[in-house]
Amino acid sequence: MNVYLDNNATTIVDPQVFTEMEPYFVQKYGNPNSLHAFASDTHPGIKAGMEKIYAAINAPREDSVVITSCATESNNWVLKSIYFEYILTGKKNHIMVSEVEHPSVITTAKFLEGLGCKVTYLPINHEGIVDPQSVRDHMTDKTALVSVMWANNETGAIFPVEEIGNICKEHGVPFHTDAVQAIGKLPVDVQAFNVDYLTFSAHKFHGPKGVGALYIKKGKELIPLLHGGAQMGGYRSGTLNVAGIVGMGKAMEAAVEALEFEMTAVRKMRDNFEDELLKITDTFVVTPREKRTPNTILISFRGIEGESMLWDLNRAGIGASTGSACASEDLEANSVMEAIGAAEDLAHTAIRFSLSRYTTQEELDYTLRAVQAAVVRLRGISSSYAYAPEGHNSGLAAHH
């Protein structure tokens, strides 16, 4: 059996999405900005796709949704635009990001730090969540931006974006949230929260790769990252990805329609699977499940390197991960495990299982058997597990 449990990295394209996209590759292929019928043939698809995107996040018409190539581009755009508008000009000198943001935020923040920007890396607590009070404590009159993700890609931890947004509003500071892991898993309503910038990417909710977007609240305009033509109202130059817009719109519509299923049926499967995994001796899960997205488990098996577990699972036809796919070539300790203060013997042991609405119980039963077999094999050859003293405190006992 082949089982895909790495849906926080990317997802299968919904067949409905593929069907809607297909005509825009070989039939309606005109450049939307050209002045002929081939171009105008694409306009209804673009309009319908954009309407679905606005509806999915309840964005008012006066606000902007700008299509980008991916969430990485969108995240870079927000941080770099804030730098050019506020930091470089001397108006402000400080931004805040959480210490467990996606690499596209953390790496950009470090880049800006090298250019003279003061960056506060907000800590997470033992549950893997940012405390809103830490945002308030680090706020100054020189703060130009707060960027905190809606949900963590590794743990599934849901961050208190409502409270953080309200704190930012009180201080007149723009608030950006990377909502890549929230769309299709949680209700996302930009009018219900004080969100100035919101990032998402189609391939995380059964849409195509290579297309993402950035929501921008009216009055919070950004300096363009890409200059050239006047596409996207001059916000983002480059020929529009028509098929991508059509596909992302349909994927967001389908994700919203399936949200109740995700929050009930998928959550139930996840919880039952997690219960069975936790029956294995010396296993630990980060973040209480009620504070996580309904599809995600980050679990550690004491004495087993994460890469070794992945090897055994891969041989069994199972796709999982040790955390962020964008950092998968980095064999350093898991950043979230380090941030919550996990002991060194657990920092390399985290495995992420992320389900989708296409995951079946049969697949999870098969995966459980494969994990159980891998634990027996790998612990049998693990010197660190064999020689660990009885009753050794892993540092995560409160979460098992």
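Predicted model: local features only at pLDDT ≥ 70, side-chain atom pairs only at ≥ 80, totals over all residues.
Local features need pLDDT of at least 70, side-chain atom pairs count only at pLDDT 80 or more, and totals for chains, interfaces and linings use all residues. Residues are numbered from 1 along each chain as its sequence is written, and side-chain values use heavy atoms, without hydrogens or water.

Rolling a probe the size of a water molecule over the atoms shows where empty space is left. A cavity is a set of points, on a 1 Å grid over the protein atoms alone, where a 1.4 Å probe fits but cannot get out. Points are joined across faces, edges and corners, and the volume is the space filled by probe spheres set on them. One cavity of 30 Å³ or more is present. The largest cavity has a volume of about 90 Å³. Its lining comprises 13 residues, of which K185, K204, F205, H206 and E262 are the closest to the centre; lining residues have an atom within 4 Å of a point. By class, three are nonpolar, six polar and four charged. Here Ala, Val, Leu, Ile, Met, Phe, Trp, Tyr, Cys and Pro count as nonpolar, Asp, Glu, Lys and Arg as charged, and the others, Gly among them, as polar.

Most residues other than glycine have a negative phi. D282 has a positive phi, near 55 degrees. D282 lies in the loop between helix 10 (259-277) and strand 9 (283-285). Helices (H or I, at least four residues) and strands (E, at least two) are DSSP runs, numbered from the N terminus. D282 is partly exposed because its relative accessibility is 24%. T287 also has a positive phi, about 75 degrees. The loop holding T287 runs between strand 9 and strand 10 (296-301). T287 is buried, because its relative accessibility is 2%. Buried means under 20% relative accessible area, exposed over 50%, and partly exposed in between (1.4 Å probe, protein chains only).

Terms used:
1 Å grid on protein atoms, 1.4 Å probe; cavity = no way out; pocket = protein on both sides within 12 Å on 5 of 7 lines; lining within 4 Å.
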